[in-house]
Amino acid sequence: MKLDTSGFETSMPTIGFGSSDDTLDGFSTVPSFDLPRTTDFDGFQKEAVQMVKPAKGTTTLAFIFKEGVMVAADSRASMGGYISSQSVKKIIEINPYMLGTMAGGAADCQFWHRNLGIKCRLHELANKRRISVSGASKLLANMLYSYRGMGLSVGTMIAGWDETGPGLYYVDNEGGRLKGDRFSVGSGSPYAYGVLDSGYKFDMSVEEASELARRSIYHATFRDGASGGVASVYHVGPNGWTKLSGDDVGELHYHYYPVPPATAEQVMEEAAAE
Amino acid sequence: MTKQHANWSPYDNNGGTCVAIAGSDYCVIAADTRMSTGYSILTRDYSKIHKLADKAVLSSSGFQADVKALQKVLKSRHLVYQHQHNKQMSCPAMAQLLSNTLYFKRFFPYYAFNVLGGLDEQGKGCVFTYDAVGSYEKVGYSAQGSGSTLIMPFLDNQLKSPSPLLLPAQDAITPLSEPEAVDLVKTVFASATERDIYTGDKLEIMILKADGIRTEVMDLRKD
């Protein structure tokens, strides 16, 4: 079951221009991985995942509107029931005009997005123009398809602005690739969809759209235990992406639902009653 | 015919805890020295800290055979790097190398929970924390291993700084001085030893600064 590849090992000790060709070619083929020598690959993978408990969990969302693409995510990573981090970067900056979101396995998403960024850059160098969002998402989807059934966990959205305007694709570890204008991915996505779908209008300003994205993430973190931390919101426009905000969701809670201040008389009454 | 299941596992857990704290011009990496298997202690004197480069020190808990194999791979890759670039690898570079090395075995993982500590190119302390398959993040402090769930909440309480994801950005420098950080590490391990059976015996602390590395050893409870 040896997967084809030559690209994963970078140029080895022989210093010589010959070896560097391998590296360039290699990135267009599939990286090679050590595989366990067992008859029961699936069983082994299931046990390995249960034992190492790779970090995952999330809420991410993205939608297209009049002014471009809005992308938002939380920042919590959990390993089983333990919160391994509250400050994970789930919105990955592939290049200055394209973003990828991370949902599912943290290592899987980090590695494949980094790999995608390399491929996009090589495409630019080879073709003297930027890769389209459609092309980038297809590169990723095809790569993940070749590892179908091996236990990767990737639920990502590729958002960007290319010659055809704003683009948004959903790509997952099954090799599925969907074009759309509204997606939410992760364990908190049902909650985010509720808020996002009810508040969405195509004709929103950037402020309204970013507020909608922020509130959707906040509500997902409120109800989903595997989501939390900081809600980050990014906007992708014709000139590339900008980070609009990063707010701690604990503070957002009191921002949206402030505790009514107790009046002085009320406090005196309570004290007298005791 | 029913599927045959293996009657052995390629993995074992040797226990232990590793901690690292980054400061403005130093980095503290610490680990206990107990190596266990099941309820038995294999040895009380096993170092889990390994210097990879002048400014990068790796500490790993989990399955020590996998940790040893991982260290060998990193050491040889670092040697190649030194031959090719005529300099040592920086800590952030080593961090990404470690991430890729771990992910390379995505389908047969290294059962190693790593913390990489060192100084970045500007001389500031940096700590990188990993999961077993290579996802990593630069943080101000981290604990991994059997005592991590006991230690992390306490470090959060003492050291937690505003998240780097906040916008507008808030300053996140650990206000601790180097002696305070070393003291905190000793306190934290003493407490973890009380409640985690796999942590104890001795504590090894490595302090990295621009002028070199210093090692301290402290006794922990042996029960």
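**Entry 1: Ile83(A)**

I began with Ile83(A), which I found in strand 4 (residues 82-85) of chain A, where helices (H or I, at least four residues) and strands (E, at least two) are DSSP runs numbered from the N terminus. The model is predicted, so local features need pLDDT of at least 70 and side-chain atom pairs count only at pLDDT 80 or more, while totals for chains, interfaces and linings use all residues. I also noted that residues are numbered from 1 along each chain as its sequence is written, that chains are lettered from A and ligands numbered from 1 in the order in which they are written, and that side-chain values use heavy atoms, with hydrogens and water left out.

I then looked up Leu168(A), which is 85 residues from Ile83(A) along the chain, and the C-alpha atoms of the two are separated by 30 Å.

**Entry 2: chain B as a whole**

I turned to chain B, which has four helices and twelve strands. Its radius of gyration is 18 Å, close to the 17 Å that the globule rule gives for 223 residues, so chain B is as compact as a globular protein of that length; the radius is taken over C-alpha atoms, and the rule is 2.2 Å times the number of residues to the power 0.38. Along the principal axes, the C-alpha atoms of chain B fill a box of roughly 60 × 45 × 35 Å. Of the 223 residues in chain B, 53% are buried. Looking at contacts in chain B between residues at least 6 apart in sequence, I read that 63% join residues at least 24 apart.

**Entry 3: helix pairs**

Two packed helices are described by the angle between their axes and the distance between the axes. The axes are lines fitted to C-alpha atoms, for helices over the stretch in contact, and angles run from 0 to 180 degrees between N-to-C directions.

At what angle do helix 3 and helix 4 of chain B cross? The axes of helix 3 (residues 148-159) and helix 4 (residues 178-195) of chain B come within 9 Å and cross at roughly 150°. These two helices of chain B are therefore roughly antiparallel to each other, as angles under 35 degrees count as roughly parallel, over 145 as roughly antiparallel, 65 to 115 as roughly perpendicular and the rest as oblique. The contact includes Leu150(B) and Phe154(B) of helix 3 and Leu184(B) and Val188(B) of helix 4. By class, this contact has eight nonpolar, one polar and one charged residues, where Ala, Val, Leu, Ile, Met, Phe, Trp, Tyr, Cys and Pro count as nonpolar, Asp, Glu, Lys and Arg as charged, and the others, Gly among them, as polar.

**Entry 4: loops of chain B**

Asn86(B) lies in the loop between helix 1 (64-85) and helix 2 (91-104) of chain B, and has a positive phi of about 60° although it is not a glycine. Asn86(B) is exposed, with a relative accessible area of 70%. Asp201(B), in the loop between helix 4 and strand 11 (202-209) of chain B, has a positive phi near 70°, but is buried, with a relative accessible area of 0%.

In the loop between helix 3 and helix 4 of chain B I found Pro168(B), and the peptide bond from Leu167(B) to Pro168(B) is cis, with omega near 5°.

Terms used: Contact means heavy atoms within 4.5 Å. Buried means under 20% relative accessible area, exposed over 50%, partly exposed in between (1.4 Å probe, protein chains only).
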